Amino acid sequence: MSARTRKGRSATADTSQPKKRTQDRTSSGHEVRLGQAADSFGDGITAGSGKSAKRKKASKHAKLADASDSPPRVVPYPHGLPTDRPLDVNDYFDQLALWLDLEADAERARLARLRQIRSERDVESTGQAIVGLDLIDYHTGLAGRYLLDLAKPAGQQLPMNRLKVGSPVVLSNDADPSDEGIAGVVSLRKNDQIQIATEVFPDPDAHHVKTGKASKHRNSSIGDIRYRLDLSPDETTRKRQLVAMAKARTERGRGGRLRDVLLGIDSPRFDGRKLSVGPVSEDAIAEERAEIRFRTELNGPQQDAVAFALLADDVAIIHGPPGTGKTTTLAEVIAQAVERGERVLACAASNTAVDNLLERLQRLVPYVVRVGHPARVFEHLRDYTLDGQVEKDPSSQVIKDLRQELEQCLRMAQRSNGGRRERGEWFAQAGRLRGQIRSLEKSIVRGVLDRADVICTTTTIDEELLGDERFDLIVIDEACQSTEGGMWQAILRADRLIIAGDHCQLPPTVLSDEAAKIGMRDSLMQRLVQRFGEPVYRRLTVQYRMHESIMRFSSDHFYEGSLVADASVRGHLLSDIPDVDRTPLTDTPLLFIDTAGAGHEEQLEPDGQSKMNLGEANVIVDLVRQLVDAGIEGDEIAIIAPYAAQVRLLRSRLDLDGLQIDTVDGFQGREKEVVLLTMVRSNPEGIIGFLADRRRSNVAMTRAKRKLVMVGDSATLCIHDFYADVLKYFEENNAYQSVFEHDACV
Ligand SMILES: Nc1ncnc2c1ncn2[C@@H]1O[C@H](COP(=O)(O)OP(=O)(O)OP(=O)(O)O)[C@@H](O)[C@H]1O
């Protein structure tokens, strides 16, 4: 069935859908105005009502400006994308574009608020900016990018920050609030230094403000400008998504059919037959499975999932609850497709998820290339990166020589005291060299990509690199962490699509409350499951991570009790690890320490906007001490907190090799022998913020292999049914302890 146009709907058009979009939608309330956009953002940065007077003022301005500037916006699907009927192609893409707009507004508003904070302490405590930086060195990287090394004067440590490798940033003159700065991406991060990749070199003539003396750092500062780095809205990604969506609206042929399936207009086919006629038979799956020469040791349901995916003509879904080998299974699907002569694009929303997939693929597929900045790739996988492969190419020596020449030019420009004109000549020469480097690199890059059986990338695809190439198969892992809009760049290149994920784990980060309300956090995967039901997916059910008691709560609450712990993990405890003492802490899988009544109230981080809880932090520090005393190594322990301020507090209190302390978002896809979870929220009103999203707790609670300890205030948490159930579960498992009992045991 072809896509229906806005004016000429087909005979099958759903009459329950609105017929036209006019201002009467406005009167019916189906519209969104730009408003106070951002909600909680990891750090607790909010655009809405804040506690401090300063924050209240900032949000009020944002709201007034927005309200007066923007025309009303029409929302095709005010309650999110429906799953009980086909979506209209234009309405669907209009909705996705609106999400993106709202999100961009929210990001811009957040950045504007942040850039208004001029006090160093205040701005850095948000974790979104680093100020007072010197440019201490620079190099050139692949595609003629400039790599700029920035550091604080005198080798000071950088403050705790959220500028991760891969984060888009703006580099600007610290002393000049009007400087719009240049865009870049963080490419390397150390305790005392941060490197960003930019397309433009910060020309000193662009700024004239002298802001401090050259640093006495081990590398002296280049120039006399102090810089500031801010996390920035990711406009490039947004534009790429919009272009892909515009193209998808009018796709015909294979691409058009796949789009119609994903919009629920047409039915997906398996083994040549549409699901609307009937689901793929178990016999067909068994037959397919019998023909596969599996490359990995997979269990029965995993093998079935591989066969099922290979039978899909349009789209198939693999639902992988925590630890059930979703990525392992997906890697096998890819290996089998390659064996059949197919070319595959393997994607995920985050770099970590792409690397997890690549880690498994490298053993199975002869030639796999990882696209993306090497600094964003796990170190042990760097050889697979495009940069790594290009480096190995014999012609790369010529490029190296040209790069040296380019760097020399830049240094001459910096040192030149012949004035603006001479500097300009050096920069022009640098530009010419950059052009030569680029064209030579382009031909090497093309060769490397053409040879690859599998290309791995995040779903934010470098269009320039991949051109208009299509792939026989596209797989998207951790699909529920991606917005629908974020997937179309990949989908457009697909003949067939396999998506894997778990809608009961973290949704994508969406700053805009308005966008979230109209469905931006809902995943394509879940929508398809609801639209087509069981025949479109396979769920993996045997998990290889958690002790059965750690698994059971999650299994019952999120997966209809369907998870089974493999025998290898079912009863494993910390005390089973060689050289670990048997103590009450190591000899049981669960513990809830209830701080109710102890006065361990949450508080705002000084000068910050994120929450922490000193009392809970003390309990956690004590638990770590007990674990270490019992023989547990630092790298076997994880501490997870929902708020960045609690993470910062605990990092400052605990200095143990290998110990990982992070937010829930930083932990998806990872696992540890023991996980200590500090819930932070403790207030008389029972407000739990982020924790209200149960998926966050599901992720946090399922990272533990042998022991899960939760520390929280039952009086606050249990106002909410989910946490009342959590507490009941711990009680039923004899794993409840009041903090008073705990203190008495210490
Ligand atoms: N059939 C199997 N036999 C033994 N171990 C397995 C099997 N399948 C997966 N595993 C192991 O289980 C662990 C989890 O696998 P994997 O990372 O693929 O799962 P996942 O579902 O992607 O996990 P997550 O919860 O992070 O999404 C890995 O250590 C993997 O090696």
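Reader: How many residues does the hairpin between S6 and S7 run through?
Author: Four residues link S6 to S7 in that hairpin. Keep in mind that this is a predicted model.

Reader: And how do those two strands pair, parallel or antiparallel?
Author: Antiparallel, with five bridges between S6 (residues 182–189) and S7 (residues 194–198). Arg189 sits opposite Ile194 in S7.

Reader: What else pairs with S7?
Author: Strand S4 (residues 146–151) does, also through five bridges and in the antiparallel sense. There, Tyr146 faces Thr198 of S7.

Reader: Why would you call S7 largely enclosed?
Author: Because four of its five residues are buried, S7 is largely enclosed by the rest of the structure.

Reader: OK, zooming out. Which strands make up the closed barrel?
Author: Six of them, in the order S3-S4-S7-S6-S5-S8, with antiparallel pairing. From one strand to the next, the twist averages 50°.

Reader: Switching topics: what's around the ligand?
Author: There are 15 residues around the ligand, and Gly325, Lys326, Thr327, Thr328 and Tyr544 come nearest. Helix H9 (residues 326–339) supplies the largest share of that shell, three residues.

Reader: How does the shell split by class? I'm thinking about polar, nonpolar and charged.
Author: Nine residues are polar, three are nonpolar and three are charged.

Reader: Now S12. Is it buried or exposed?
Author: Buried: five of the five residues in S12 (residues 344–348) are, so the strand is largely enclosed by the rest of the structure.

Reader: Which way do its residues point?
Author: Val344, Ala346 and Ala348 point one way, while Leu345 and Cys347 point the other way, and all are buried.

Reader: What does S12 pair with?
Author: S12 runs parallel to S14 (residues 454–458), with five bridges joining them. Another five bridges join S12 to S15 (residues 471–477), and that pair is parallel as well. As for individual partners, Val344 is bridged to Val454 in S14, and Ala346 stands opposite Val475 in S15.

Reader: Which residues touch the most other members of the largest nonpolar core?
Author: Ile334, Val454, Ile474, Val475 and Ile498, out of 98 residues in that core. Helix H3 (residues 89–116) gives the most to it, 11 residues.

Reader: What about a second core?
Author: There's a separate one of 61 residues, which includes Leu506, Met612, Ile639 and Ile688.

Reader: Back to Ile474, what does it touch?
Author: Setting aside residues up to four places away in sequence, Ile474 touches Leu345, Cys347, Ala490, Ile491, Arg493, Ala494 and Leu497.

Reader: Last one: where's Thr385?
Author: Thr385 lies in the loop between strand S13 (368–370) and helix H11 (386–392).

Technical notes. Residues are numbered from 1 along each chain as its sequence is written. This is a predicted model: local features need pLDDT of at least 70, side-chain atom pairs count only at pLDDT 80 or more; totals for chains, interfaces and linings use all residues. A nonpolar core is a set of buried Ala, Val, Leu, Ile, Met, Phe, Trp, Tyr and Cys residues joined through C-beta atoms within 7 Å. A residue is buried if 20 or more other C-beta atoms lie within 10 Å of its own, exposed if 12 or fewer, and partly exposed in between; C-beta atoms are placed from the backbone. Two residues are in contact if their C-beta atoms, placed from the backbone, lie within 7 Å. A residue is near a molecule or strand if its C-beta atom, placed from the backbone, lies within 6 Å of it. Ala, Val, Leu, Ile, Met, Phe, Trp, Tyr, Cys and Pro count as nonpolar, Asp, Glu, Lys and Arg as charged, and the others, Gly among them, as polar. Two strands pair if DSSP finds at least two bridges between them. Axes are lines fitted to C-alpha atoms, for helices over the stretch in contact, and angles run from 0 to 180 degrees between N-to-C directions.
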